[in-house]
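This report concerns the model shown below. Please view the sequence and the structure together.

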Amino acid sequence: MSLDAVKQVAAAEANAEQQIANAAAEAKKILAEAEQQGKKLVENAVSEANLLAKDLMGKAEEKGSAAAQEIAGRAMNECEAMEKTAQGKMDQAVAIILGRIVNG
């Protein structure tokens with residue numbers, strides 16, 4: 001092999017090694033960027049999930065509050081109806097008691 005051929009092979013090997021080193025460095029860079037983007041995606045997903053959970057919790061509380069008010073309103077109406085019924089019977093009870101006292 002001539003000296004020029006040896007120099008060309010050595011240069012080609014050096015060039016190949018440099019390309020391999022450059023490719024490895026680029027691969028590490030791409031991997032680091034991908035990991036960073038992945039972390040950001042996870043953080044964004046967690047933030048969105050937290051916002052959604054807060055929104056759903058707020059809606060559930062609103063529905064629960066509305067249901068509680070409705071139940072309380074119905075209970076109040078029932079109490080008023082029972083009070084009116086009791087008041088009507090009170091007059092009858094008083095009349096019966098007075099009749100027993102007077103008539104002995």
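## Overall form

The model is predicted. The protein chain holds one helix and zero strands; helix H1 covers residues 3-103. Along the principal axes, the C-alpha atoms fill a box of roughly 145 × 20 × 10 Å. The radius of gyration of the protein chain is 44 Å, whereas a compact globule of 104 residues would have a value near 13 Å.

## Surface

Of the 104 residues in the protein chain, 0% are buried. The accessible surface amounts to about 9300 Å², and carbon and sulfur atoms account for 61% of that area.

Met90, Val94, Ile97, Leu98, Ile101 and Val102 make a nonpolar surface patch of about 600 Å². Within this group, Ile97 lies in helix H1 and is partly exposed, its relative accessible area being 49%.

## Charges and salt bridges

The protein chain carries 12 positive and 16 negative side chains, and 6 Å separates the centres of the two sets. Side chains of opposite charge can pair when their charged atoms come close. Two salt bridges are counted.

In one of them, Asp55 is paired with Lys59, with 3.4 Å between the closest N and O atoms. Asp55 and Lys59 are four residues apart in helix H1, so about one helical turn separates them. Asp55 is partly exposed at 37% relative accessibility, and Lys59 is partly exposed at 45%.

Glu70 and Arg74 also form a salt bridge, at 3.3 Å from N to O. Both residues belong to helix H1 and are four residues apart, about one turn of the helix. Arg74 is partly exposed, with a relative accessibility of 45%.

Conventions: Residues numbered from 1 in each chain as written. Predicted model: local features only at pLDDT ≥ 70, side-chain atom pairs only at ≥ 80, totals over all residues. Heavy atoms only, no water. Helix = DSSP H or I, 4+ residues; strand = E, 2+ residues; numbered from the N terminus. Rg over C-alpha atoms; globule rule 2.2 N^0.38 Å. Buried < 20%, exposed > 50% of the residue type's maximum accessible area, 1.4 Å probe, protein only. Areas by Shrake-Rupley, 256 points an atom, 1.4 Å probe, with all protein chains shown as cover. Lys, Arg positive; Asp, Glu negative; His and termini not counted. Charge placed at Lys NZ, Arg CZ, Asp CG, Glu CD. Patch = residues over 30% accessible without salt bridge, like charges linked within 9 Å, V, L, I, M, F, W, Y side chains within 5 Å. Salt bridge = Lys/Arg side-chain N within 4 Å of Asp/Glu carboxyl O.
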